Amino acid sequence: MSISTTIAELTEYVGQTVTLHGWVLRNTPKGKLIFVTLRDGTGHCQCVVERGDASESFFEEAKHLTQESAIEVTGSVSAEERAIGGFEVRVTNLRTIQGAVDYPITPKPHGVDYLMKHRHLWFRSQRQHVILRIRHTLVDAIRRYFNDNGFVLIDTPIFAPAAGEGTSTLFELDYFGDPVYLAQTGQLYVETACMAHRKVYCFGPTFRAEKSKTRRHLTEFWMVEPEIAFASMDDVIDLAEDMVCSLVERVLADHRADLEFLGRDVEALERTRKPFHRISYSEAAEILRGPQAKELLEKDLAEKTAEIEELGNRIDELIETGKTAKKKWQQEKAAQQEQTARERRTELEEEVSNIPQHMELAAGFEWGSDLGGSDETIISRLHVQPVFVHRYPKEVKAFYMRVDREDDRLVENFDMLAPEGFGEVIGGSAREEDYDVLLSRIREQGLPQEPYEWYLDLRRYGSVPHGGFGLGVERTLGWLCGLKHVRETIPFPRMMGKFYP
Ligand code: 4AD
Ligand code: MG
């Protein structure tokens, strides 16, 4: 009798016979033995087929198993430290459920465009599997944080009658003859809700017609947005800080091994502790123009240029190794390493070519302009903890942000920049609670009043100081996992020019 189970449960069945269902990751015949690495969605397991115990038919079947074929295996479980996952199954029966022919993603390196076109299959690779499991935990941790702290979940609409975050990134739709927009934010609606429930949050997909092809921009992304009544900007910053600490803690607790697998510097993440840095926009502007930023970029330039040269030498060596290697696997290995080195070199060359521009932007940063991506990177790299940059010039910020009563050139807003160069993951503010000020801000920004009448009502009837923030799931996950690009942080990324599959 065998017990049908999963790889994650094998620890319960040492010494017993089990049946597993999964997919073939690799298949390595070695004389009388065949090592089949199985993945079943819960883990990896080494299955060993021996000619002696196997009937000739399924030994042959096992020998020719192709990558990603779906199979059923039965065998006895033993603990095996050296094997992937720590267990081994000695196969006594094997059945192919469906044989895969020419699986498009082979162990050889593929370019990222190719992988993105095969996202539906790329999903299965270990790295993608790990990232999306961490995403699952992150989303769970976010919900738990708010649910455990007295926040009420309010689902906000996706069809929105007006812009929530400026008009430049709206996706417009035809709503039975009227224009509506895909929601850029749920904020205006959670503001409504906090006047009824006090502490609320929404959590859903949001849409921005971002024409920028950067490592930080998606056109569809997930955002969690808490909103609290009777709160100042500092209260909201305290909330963001506390929440981020709890998210980092949870991901570290549940995914240390996964983060190491991804090559994340786990110690750096562990250093995330309260208090985070808090600097004003004006201080940030000073930092950008100052010697620290210049030194950082000059050092970068020198280090990266040196690395490019080293990689050049390494590539030459690998070409030579490939030519002189006798065995096919040695040639393949050299080719693989050569490709990796080339990719890294291309990446560095691009980075280096951008440094002079980043230096110029930082040195010439003018008070009054918004922080650009490269400016955020500099500020974030100069700090060990996440940094809250607060009180930006009102001209570059959304209409709803509360005007600073001590300096009316500013608004009471903040961005939280993740450290190590990851940049903005949170944007938030106190909201303008005064009817007249809000109306003049709507007019200043050239927005029509009519679609905001309902929003203005909140300032007519029992208006109170309130505020909140939005945390982007993908950027947060990118930071936690140490990923350069957000495209791997969402199951099916949507970016400018990319919506397949
Ligand atoms: O700073 P943003 O635009 O703020 C708002 O939408 C506010 N209404 C939130 C609020 O106060 N309730 O966006 C918030 C966060 C950013 O910090 C970033 O993490 C993420 O959403 N984000 C994006 N993520 C991926 N791709 C994009 N195009 C993003 N735009 C914003
Ligand atoms: Mg922002």
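Predicted model: local features only at pLDDT ≥ 70, side-chain atom pairs only at ≥ 80, totals over all residues.
Residues are numbered from 1 along each chain as its sequence is written, and local features need pLDDT of at least 70, while side-chain atom pairs count only at pLDDT 80 or more. Side-chain values use heavy atoms, with hydrogens and water left out.

The chain is divided into domain 1 (3–98), domain 2 (115–276 + 385–488) and domain 3 (293–361), with bounds that come from an automatic or database domain assignment. Taken over C-alpha atoms, the centres of domain 1 and domain 2 are 45 Å apart.

In soluble globular proteins, nonpolar side chains tend to be buried together. A nonpolar core is here a set of buried Ala, Val, Leu, Ile, Met, Phe, Trp, Tyr and Cys residues joined through side-chain atoms within 4.5 Å, where buried means under 20% relative accessible area, exposed over 50% and partly exposed in between, with a 1.4 Å probe and protein chains only. The largest such core holds 48 residues, and those touching the most other members are Ile142, Phe146, Phe414, Ile426 and Phe469. Its largest share, 13 residues, comes from helix H6 (residues 233–261); helices (H or I, at least four residues) and strands (E, at least two) are DSSP runs, numbered from the N terminus. Another core, of 23 residues, lies apart from it and includes Ile34, Cys47, Val73 and Val77.

Rings of Phe, Tyr and Trp (its six-membered ring) pair if their centres lie within 6.5 Å, and planes under 30 degrees apart count as stacked, over 60 as edge-to-face and the rest as tilted. The count by this rule is 17 aromatic pairs. In one of them, the rings of phenylalanine 276 and phenylalanine 388 have centres 5.9 Å apart and planes at 20°, so the pair is stacked. This pair links distant parts of the chain, 112 residues apart, with phenylalanine 276 in the loop between helix H7 (266–270) and strand E13 (277–280) and phenylalanine 388 in strand E14 (residues 387–390). Both phenylalanine 276 and phenylalanine 388 are buried. Elsewhere, ring pairs link Tyr189, Phe399, Tyr400, Tyr452, Trp454 and Tyr455 into a cluster.

Finally, asparagine 354 is placed in helix H10 (residues 328–363) and, at 27% relative accessibility, counts as partly exposed. Between asparagine 354 and leucine 301 there are 9.7 Å in space, C-alpha to C-alpha, although they are 53 residues apart in sequence.

Notes: Chains lettered and ligands numbered in written order.
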